[in-house]
Amino acid sequence: DTLRDEPERFLAYNNGIAATASAVDLVNLPAGGSAIAAMRDLQIVNGGQTTASIHRALVTGIDLSAVSVQAKVTVVDPASLDEIVPLISRFANSQNRVSEADLSANDPFHVEIETLSRTVWTPVSGDTLRQTRWFYERARGQYRDAVNREGTPARRRAWQVTHPPAQRFTKTDLAKFENIWAQLPHDVSRGAQKNFTVFMGAMSRTHSKPGIEEFHRLVAKVILWKRTERIVSDQQFGGYRANLVAYAIAKLSHATGQRID
């Protein structure tokens with residue numbers, strides 16, 4: 001609303017952005033002072049909503065000539081980027097409720113799962129002989145943003161045919177599917193964020209990099225969860241569906257020694 005109605009007050013009303021760079025080049029200005037000429041390895045670590053709002057305003061034709069945005073840029077040794085950037089993001093967001101899952105979006109495991117989800121096709125199925133993809137939402141709102149980027153209603157519909165909404169899953173979903181198969185339904189039943197923390201703790205000890213086979217197995221666990229949800233719903237137990245599904249699949253995993261095709 002500020003960008004549209006009071007653009008000259010955006011600097012006053014908005015918290016701005018925090019960014020990191022491995023190097024910043026400054027130039028002296030004729031009137032005195034200096035300006036940034038170039039930044040290397042620029043990464044915005046806090047201010048995603050600000051950035052997205054300004055971009056949205058730009059593409060919808062809002063005049064941004066009167067808008068100023070404050071920025072804090074921290075120059076970080078490239079060797080320390082992987083360590084420092086998540087900490088800046090975590091502490092810069094400590095005044096707002098930001099989930100552990102949000103703060104783990106840049107973990108290499110989740111980045112690789114996202115890459116696989118954008119390139120791996122499903123087998124041909126149905127009368128249409130159409131292949132689709134399972135869309136992994138590494139950061140909140142990625143699916144919606146991807147749809148909106150298609151521009152026209154026809155292109156958005158075509159994109160959603162290839163990436164059906166029912167085939168979208170998130171980081172907390174992934175942690176749930178994996179921990180259930182690992183026979184930890186008690187952790188899953190504690191809630192999405194607590195379970196995600198358990199999952200990431202286990203991940204930090206294994207440092208495994210997923211490949212196509214691991215992605216196939218992950219999608220199989222998603223399908224198993226969705227099908228079991230329908231089965232449990234048909235029983236009309238009257239509640240605790242998520243817990244019943246979690247324990248049922250964990251029991252199946254245990255009873256078969258995790259040997260399911």
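**Cavity, pocket and contacts**

The lining of the largest cavity is made up of six nonpolar residues, no polar ones and one charged residue. The model is predicted, with local features needing pLDDT of at least 70 and side-chain atom pairs pLDDT 80 or more, while totals for chains, interfaces and linings use all residues. Residues are numbered from 1 along each chain as its sequence is written, and side-chain values use heavy atoms, leaving out hydrogens and water.

**The largest cavity**

- One cavity of 30 Å³ or more is counted in the structure, where a cavity is a set of points on a 1 Å grid at which a 1.4 Å probe fits but cannot get out.
- The volume of the largest cavity is about 40 Å³, a volume being the space filled by probe spheres set on the points, which are joined across faces, edges and corners.
- Its lining consists of Phe177, Ile180, Trp181, Lys221, Leu224, Trp225 and Ile249, lining residues being those with an atom within 4 Å of a point.
- Asp, Glu, Lys and Arg count as charged, Ala, Val, Leu, Ile, Met, Phe, Trp, Tyr, Cys and Pro as nonpolar, and the others, Gly among them, as polar.
- Helix 9 (171-181) and helix 12 (212-235) each give at least two residues to this lining; helices (H or I, at least four residues) and strands (E, at least two) are DSSP runs numbered from the N terminus.

**The second largest pocket**

- The second largest pocket has a volume of about 400 Å³, a pocket being an open set of points with protein on both sides within 12 Å along at least five of seven lines.
- Among the 19 residues that line the second largest pocket, Glu178, Phe199, Met203, Ser208 and Lys221 are the closest to its centre.
- Two or more lining residues of this pocket come from each of helix 6 (108-117), helix 9, helix 11 (192-206) and helix 12.
- By class, the lining of the second largest pocket holds 10 nonpolar, four polar and five charged residues.

**Salt bridges**

- There are 13 salt bridges in the structure, each a side-chain nitrogen of Lys or Arg within 4 Å of a carboxyl oxygen of Asp or Glu.
- In helix 9, Asp173 and Lys176 lie three residues apart, about one turn of the helix, and they form a salt bridge whose closest N and O atoms are 3.9 Å apart.
- Both Asp173 and Lys176 are buried, where buried means under 20% relative accessible area, exposed over 50% and partly exposed in between (1.4 Å probe, protein chains only).
- Asp187 and Arg190 meet in a salt bridge at 3.4 Å, N to O; Asp187 counts as buried because its relative accessibility is 12%, whereas Arg190, at 47%, is partly exposed.
- A network of salt bridges links Asp1, Arg4 and Asp5, and within it the side chains of Asp5 and Arg4 meet at 3.2 Å, N to O.

**Aromatic rings**

- The structure holds six aromatic pairs, in which ring centres of Phe, Tyr or Trp (its six-membered ring) lie within 6.5 Å, with planes under 30 degrees apart called stacked, over 60 edge-to-face and the rest tilted.
- One of these pairs joins Tyr136 and Phe169, which are tilted at 45° between the planes and lie 5.2 Å centre to centre.
- This pair links distant parts of the chain, with Tyr136 in strand 6 (residues 135-137) and Phe169 in strand 7 (residues 168-170), 33 residues apart.
- Tyr136 is buried, because its relative accessible area is 0%, and Phe169 is buried with a value of 1%.
- Phe135, Tyr143 and Trp159 are joined into a cluster by ring pairs, and Arg118 lies over the face of Phe135, 3.8 Å from the ring centre.
- The charged end of Arg133 sits over the ring of Trp121, 3.9 Å from its centre; such a contact needs NZ of Lys or CZ of Arg within 6 Å of the ring centre and within 35 degrees of the ring normal.
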